[in-house]
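The exercises below ask you to look at the structure, and each task is followed by a worked solution.

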Amino acid sequence: MSEPLTCEGETFVVNLHGALILTAVALRVGMKIGIHVLLTGKRAIADVVYVNLEQPRHCGINLEKPENIWGLSSPPDDWHKSDTEPAP
């Protein structure tokens, strides 16, 4: 069994459902990755859903469970609603 790959990354855009990230290594669409946000200490599992073909270290990820792992103090209104709540 091989060791999991660990690398550093940087977020550019974050929201309740995921983020646009820049990683130290290229990822592939369909990969399942673990995210650890150093500023908050929070962790989450995400799927790689987008890779920029011209810059393969720029990726879009979708969190398995929508949540604010990023530590934003003033998230948009939709962060307070779950996927099961009807829209107003």
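**Exercise 1.** Is Glu64 buried, partly exposed or exposed?

*Solution.* The model is a predicted one, in which local features need pLDDT of at least 70 and side-chain atom pairs count only at pLDDT 80 or more, while totals for chains, interfaces and linings use all residues. Residues are numbered from 1 along each chain as its sequence is written, and side-chain values use heavy atoms, with hydrogens and water left out. Buried means under 20% relative accessible area, exposed over 50%, and partly exposed in between (1.4 Å probe, protein chains only). With a relative accessible area of 48%, Glu64 is therefore partly exposed.

**Exercise 2.** Find which residues are linked in a network of salt bridges.

*Solution.* A salt bridge is a side-chain nitrogen of Lys or Arg within 4 Å of a carboxyl oxygen of Asp or Glu, and the structure holds two of them. In one, the closest N and O atoms of Asp47 and Lys32 are 2.9 Å apart. Asp47 lies in strand E4 and Lys32 in strand E3 (residues 32-36), so this pair ties together parts that are 15 residues apart in sequence; strands (E, at least two residues) are DSSP runs, numbered from the N terminus. Lys32 also meets Glu64 in a salt bridge, at 2.7 Å from N to O. Because Glu64 lies in the segment after strand E5 (58-63) and Lys32 in strand E3, that pair ties together parts that are 32 residues apart in sequence.

Conventions: Helices (H or I, at least four residues) and strands (E, at least two) are DSSP runs, numbered from the N terminus.
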